[in-house]
Each structure stands twice: as structure tokens, then as C-alpha cells.
Amino acid sequence: MGTRSTGRRPGAYVCGIDAAMDVIGGKWKVLVLWALNERPCRFGELRRELPGITEKVLASHLREMEADGLVHREAYDEVPPRVEYSLTPRGVSLNEALESLGAWGRANVLSASPAAGQVREDDDVPLVPGAA
């Protein structure tokens with residue numbers, strides 16, 4: 001479970017948040033983590049769960065997240081070939097760490113939206129606007 005050597009600044013992090021943000025940086029990685037928290041998914045399932053993500057970006061993020069030890073890629077020897085992605089224990093622990101950030105977003109961002117008062121902290125809010 002090593003970390004990627006490209007794009008990393010070992011020893012140059014200011015704090016733990018800086019290091020964590022390097023791992024989850026970008027718009028889509030936290031959403032991939034969240035989608036895989038529900039169940040293992042195939043590539044196409046993840047694309048459907050994350051409307052707007054391109055195949056190129058999803059493939060790149062999955063490779064990076066696998067290299068960072070967050071995602072496990074399981075290739076089944078079947079015809080047609082089947083590949084499933086799931087969270088590693090490290091990915092699960094990162095999702096757990098992100099839960100309080102999600103609670104903050106619901107309380108401080110979603111509650112400040114035009115739908116204020118309609119969304120409670122324990123409501124099941126879709127990750128992507130318009131998603132069920």
C-alpha cells in the first residue's frame with residue numbers, strides 16, 4: 001500500500017490536512033469514495049453514479065486511488081471480463097474521517113441554500129443535484 005511518487009511532495013506538507021487533501025484533491029475523488037462506500041461497483045456503475053465525470057477522469061482517479069491504497073481493483077477471470085472496485089480498509093477509514101466534513105456541509109452550506117429548513121442533518125441528501 002505505497003503512495004504514488006508522482007505529484008506528491010513528501011516532507012513538504014504543512015500539516016495532516018495538507019497531506020489528506022493531496023490524496024482526495026479534486027472534485028471527484030470524494031464522490032468516488034462515497035459511491036464505493038455503498039457497495040463494490042464496476043466502472044460503468046460508477047460512471048452512472050457520478051453524472052458529469054468523464055471516462056478519462058474516472059479511470060485516472062481510480063488508478064491514483066488504487067496507488068494510494070484507498071481502492072481495490074478486482075479483475076475476475078470471466079468472459080466477458082469483469083472488474084469491480086471496492087474500498088480498502090484505508091479507504092473506509094478515510095470515508096469515516098470525511099463524515100464530519102459532510103455534516104459540516106449539510107449544516108453550513110445546504111442549510112444556507114434556498115431549501116433551508118427543508119434539509120435536516122440526518123436527511124439522505126443526494127451527492128449530485130437531481131440524483132435520487
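This is a predicted model: local features need pLDDT of at least 70, side-chain atom pairs count only at pLDDT 80 or more; totals for chains, interfaces and linings use all residues.
Trainee: At what angle do the axes of helix α2 and helix α4 cross?

Mentor: Helices (H or I, at least four residues) and strands (E, at least two) are DSSP runs, numbered from the N terminus. Axes are lines fitted to C-alpha atoms, for helices over the stretch in contact, and angles run from 0 to 180 degrees between N-to-C directions. Here the axes of α2 (residues 29-38) and α4 (residues 55-67) cross at roughly 75° and come within 10 Å. Angles under 35 degrees count as roughly parallel, over 145 as roughly antiparallel, 65 to 115 as roughly perpendicular and the rest as oblique. The helices α2 and α4 are therefore roughly perpendicular to each other.

Trainee: Which residues of α2 and α4 meet?

Mentor: Contact means heavy atoms within 4.5 Å. From α2, Lys29, Val32 and Leu33 meet Leu58, His61, Leu62, Glu64 and Met65 of α4. By class, this contact has five nonpolar, one polar and two charged residues. In this scheme Ala, Val, Leu, Ile, Met, Phe, Trp, Tyr, Cys and Pro count as nonpolar, Asp, Glu, Lys and Arg as charged, and the others, Gly among them, as polar.

Trainee: How many salt bridges does a search of the whole structure find?

Mentor: Side chains of opposite charge can pair when their charged atoms come close. A salt bridge is a side-chain nitrogen of Lys or Arg within 4 Å of a carboxyl oxygen of Asp or Glu. The search finds six of them. One of these joins Glu55 and Arg47 at 3.1 Å, N to O. Another links Arg82 with Glu78, whose closest N and O atoms are 3.0 Å apart. Salt bridges that share partners also join Arg39, Glu45 and Glu49 into one network; within this group, the side chains of Arg39 and Glu45 meet at 3.7 Å, N to O.

Trainee: Which residues of the largest nonpolar core touch the most other members?

Mentor: A nonpolar core is a set of buried Ala, Val, Leu, Ile, Met, Phe, Trp, Tyr and Cys residues joined through side-chain atoms within 4.5 Å. Among the 21 residues of the largest one, Val32, Leu33, Leu36, Leu46, Leu62 and Val71 touch the most other members. The largest share, five residues, comes from α2. Leaving out residues up to four places away in sequence, Leu46 touches Ala35, Leu36, Cys41, Leu58, Leu62 and Tyr85.

Trainee: Where is Ser86 found, and what does Ser86 touch?

Mentor: Ser86 is found in strand β2 and is buried, with a relative accessible area of 18%. Beyond residues up to four places away in sequence, Ser86 touches Leu36, Pro40, Leu70, Val71 and His72. The C-alpha atoms of Ser86 and Pro40 are separated by 4.4 Å, although these residues are 46 residues apart along the chain.

Notes. Residues are numbered from 1 along each chain as its sequence is written. Side-chain values use heavy atoms; hydrogens and water are left out. Buried means under 20% relative accessible area, exposed over 50%, partly exposed in between (1.4 Å probe, protein chains only).
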